[in-house]
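Please look over the sequence and the model before reading on.

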Amino acid sequence: MRKFCLLAAMAIAARAETHIFTLEQAIHRALEQNPEVAMARLDELKATRAIRLAKEPFYPRAGAGSGLAWSSGFPLSIEGSAPAALQLRVNETLFNRPQMYAIQQAREEARGAAITITDKRDEVVFRVASMFIEMDRVARQAEIAASQTSNLEKVLATVRARVEEGRELPMATEEANVEVLRARQRQMVMAADLEYAQRNVALVLGYPAGDSVQASAAERAAVKIAVSEDTAVAAAVAASPELKKLASAVEVKNLSIKAERARRLPQMDLVAQYALLTRYSHYDEYFAKFQAHNGQLGVSFQLPLFVSGGIEAAVGQAELEQRRLRLEIDAARNRIALSLHQAYQDIAKAEGAGQLAQAELALARSRLSVVLAQLAEGRASLRQVEEARLNESERWISFLDAQFNGERARLNVLHQTRELSSAF
């Protein structure tokens, strides 16, 4: 069993592939191959077909059959029709106001499905962009973690040499070894996080679970926003798919109310039928004249006389649902405004953190330069140099975190204003 599991793991690893993408290439790939976008397209197609189904009563419906039967005595009817060798019937709705409103409902629902697929595309673009820059951040942190481990291993070697020379206490070796083990653990965690991020991006792009995606070495263009917060809120409210879908749902309920009230109106259907009769049904024995070919063309007219209170109940229920949807629209507007305000605050916080991290990084580099100069003069040890380098690496990680937080916040603004797709 152990050998079988090993062979299976080797087979899966052999099939796994690594794909290299820029951010723009990853977004284009996701829009074409992402499973959620594909399912949204199917829902849109289904909603479009529903329009054709709603129109079905207004198209001619023809049927043919036979009611030929052996008759004894007076020729009786079979399912409302006289016994005939061949029967043809054509029906078509001429006027049915509830069904006409049902067609409009189907069209509005199809429009809502189109809004959904646009929203899904925007969501996929935002998710891919966020995951891609996060993967890039983890990759850079993994590189720094590897560099830190290498530096600490050099410190450990230096400390051991000093302990052997009697210039350090033996406990110094233990302390340096703990630092190395801690760095190796951090490096291992970073490597595992990077592998998961790469495979997760591959999954969103439509690749199998075993594949992974790596960021291209090409420089990524900075994400920029050129609008104020008030302008962004107005643009987000105008372009929000959530608000559009809620408005579409309100219109669907309005059409439903009209359809319920239209049940009081008359309905008219076109009816045409043909029957081929034979003498075997003894028509000539009971009627003065026999005619083999018979046709009929007319209009079926139905006028509801007594309508139950169910119409008013259905109308009242739909009106309550409309009120609920309008409350959801107001809540969504407030939520969009608050979310954008938070996004702009995140941008400001990331810019402040970036300035601080940049200053701390410059200070760490200056300290490293001083320690290197002291090392050249024999006034500093290699351990001090490596510790200064470790401090510089930590400040570099803080600077990268601030950069990526700001980039993610700007992505969020572009996503809410529905300008993210055009940005790429």
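The report covers a helix pair, a pocket and several salt bridges.

The model is predicted, so that local features need pLDDT of at least 70 and side-chain atom pairs count only at pLDDT 80 or more, while totals for chains, interfaces and linings use all residues. Residues are numbered from 1 along each chain as its sequence is written, and side-chain values use heavy atoms, with hydrogens and water left out.

**Helix pair.** Helix α3 (residues 35-55) and helix α4 (residues 97-164) have axes that come within 8 Å and cross at roughly 170 degrees. The two helices are therefore roughly antiparallel to each other, a term for angles over 145 degrees. In their contact there are 14 nonpolar, two polar and 10 charged residues.

**Second largest pocket.** A pocket is an open set of points on a 1 Å grid where a 1.4 Å probe fits, with protein on both sides within 12 Å along at least five of seven lines; lining residues have an atom within 4 Å of a point. The second largest pocket has a volume of about 280 Å³. Its lining comprises 16 residues, and Ser 81, Gln 87, Gln 273, Tyr 274 and Ala 275 lie nearest the centre. Strands β2 (61-65), β3 (86-95), β5 (267-276) and β6 (293-302) each give two or more residues to this lining. By class, the lining has seven nonpolar, eight polar and one charged residues.

**Salt bridges.** The structure holds 22 salt bridges, each a side-chain nitrogen of Lys or Arg within 4 Å of a carboxyl oxygen of Asp or Glu. Three of them are tabulated here.

| Pair | N to O distance |
|---|---|
| Glu 134 and Arg 137 | 2.4 Å |
| Glu 179 and Arg 182 | 2.9 Å |
| Arg 335 and Glu 242 | 2.4 Å |

Glu 134 and Arg 137 both lie in helix α4, three residues apart, about one turn of the helix. Glu 134 is partly exposed at 25% relative accessibility (between 20% and 50%; buried means under 20% and exposed over 50%, with a 1.4 Å probe and protein chains only), whereas Arg 137 is buried at 16%. Glu 179 and Arg 182 are likewise three residues apart, in helix α5 (residues 170-204). Glu 179 is partly exposed at 35%, and Arg 182 is partly exposed at 43%.

Note on methods:
Axes fitted to C-alpha atoms, helices over the stretch in contact; angles between N-to-C directions. Helix = DSSP H or I, 4+ residues; strand = E, 2+ residues; numbered from the N terminus. Parallel < 35°, antiparallel > 145°, perpendicular 65-115°, else oblique. Nonpolar A, V, L, I, M, F, W, Y, C, P; charged D, E, K, R; others polar. Points joined across faces, edges and corners; volume = space filled by probe spheres on them.
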